[in-house]
Amino acid sequence: MPDIFGIPPQALFGQLLLGLINGAFYAQLSLGLAIIFGLLNIINFTHGAQYMMGAFVAWMLLNWLGLGYWWALVAAPVVVGAFGILIERTMLRHLYKLDHLYGLLLTFGIALIVQGLFRDQFGSTGLPYRIPAELRGGTDLGFMFMPNYRGWVVVVSLVVCFGTWFVIEKTKLGSYLRAATENPALVQSFGVNVPRMVMLTYGFGVGLAAFTGVLAAPIYQVSPLMGADIIIVVFAVVVIGGMGSILGSILTGFGLGIVEGLTKVFYPEASSTVIFVVMVIVLLIKPAGLFGRAR
Amino acid sequence: MAEAMLEVDDLHAWYGESHILHGVKFNIAKGEVVTLLGRNGAGKTTTMKSIMGIVGNRKGSIAFEGTETIGLPSHKIARLGLAFCPEERGIFASLDVKENLMLPPQVAPGGLAIDTIFELFPNLRERLSSQGTKLSGGEQQMLAIGRILRTGAKLLLLDEPTEGLAPVIVQQIGATIRRLKKDGFTILLVEQNFRFAATVADRHYVMEHGHIVDEFANRDLDANMDKLHEYLGV
């Protein structure tokens, strides 16, 4: 095949796929952040640590209990989501009426503690996690060779993201969620148990982070700092997409993953900063973010 | 008088540090339409929000059909069969008209059928897929009232339903309230416009500075007109 813009197509599509994978993780993590921020008014800085916990639960299930990847995909979100609900019940709920800063400080503090505990226990070097047998190998797509596991991650992520979007935008449950994001007191006065909904929403957002962690475990290594590394980029994604916008966080997540991948092909030196450059430009032109409504 | 459906006694309420209600006492019998009249800041809206449990910091007694609700969270109060239509209408911008209308869950059997609500407010049927806040003020008010008629709630708390609306819409809302009374609903109405209140209500309470200061039947309204002018400063 001929080169495209002087780049061999294998390299170009390879990086595009890698970008799409990163984008899938950005999208899922920023989606969880957006849902949590919308309903709880909390900027969940523990999100990265909860993503890391998801990967570690998968690792522990495998190495301690002999339960593989498919069990982890179900169990890790439940376990880490329950941990999130515990935090919500005991701490977060006292902060809803206060300034964002308090929630940010609390969740940041929890993230540091959790990361510290894991680092103390497991060290900072990554632990390997094998791709499940069913998804090893690759497929020749003609224009490129695609590792099966990566294709799986992209497809699952698209399903999860748009499934979540569908539930929020198109169902009765979603209409409660959207209404409670606007005016929780009024929705509660209609007879909806809003405090319980808030608790479950936090559990879901946290569970989504853990699910992402399990998906990421075979691609990156399982390490206590994996969350801290990705969460900074994810917050940039959230700012670019517009805080609180569901569709915005999905599209921006995938889009910026691709932008990052392309930058690696055309100007590798900028690949780790390009998202922040985009963030600066977007904030200058549209301070509420690409999909955000000014509040 | 028949046994009270709602019995409010020595109700105090606070917003943060400020003490808004100072021992409010009144009652509503089943099937009555009762208004709370009073100037801005007298505590009318706070009284409604306290009944609904939206004001968290409240003391005293609010009994609905014999059940004490002062310690209950808002969603449990609603489930007893009360519904609130706020002054600012509370139409949700991220929901379309149909979603707004269908949002409040059923709390009891016997709510109005959706077709009956369209009969009362034909405009809503035409606008079902519009965004909630794209409606005119009058249509938003109809939507805010319409959505609580479906739920089976028997006591409706309507906070200034006529505020800022054109006379023809005010008449339509008045006709709706009389129709709802005929259908067996009990209604507590907050109003500044006592001429409107006089066309729909059985009894009036007057509030001042967080107290109920007066009470009279609608038929005695003319005899009390001088007093009322003084209370309301009109």
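Start with α2(A) and α8(A): α2(A) passes α8(A) in a right-handed crossing (the near helix is turned clockwise from the far one by less than a right angle). To find the pair, select residues 194–216 of chain A for α8 and residues 47–65 of chain A for α2; helices here are DSSP runs of H or I, at least four residues, numbered from the N terminus. The model is predicted, with local features needing pLDDT of at least 70 and side-chain atom pairs counting only at 80 or more, while totals for chains, interfaces and linings use all residues. Residues are numbered from 1 along each chain as its sequence is written, and chains are lettered from A and ligands numbered from 1 in the order written.

Now look along the two axes (lines fitted to C-alpha atoms over the stretch in contact, with angles from 0 to 180 degrees between N-to-C directions). They sit 7 Å apart at an angle of about 50°, which makes α2(A) oblique to α8(A); oblique is what remains once under 35 degrees is called roughly parallel, over 145 roughly antiparallel and 65 to 115 roughly perpendicular.

The crossing of α2(A) and α9(A) is right-handed. Select H47(A), Y51(A) and A55(A) among the α2(A) residues, and M226(A) and I230(A) among those of α9(A), to see the contact.

Methods:
Helix = DSSP H or I, 4+ residues; strand = E, 2+ residues; numbered from the N terminus. Contact = placed C-beta atoms within 7 Å.
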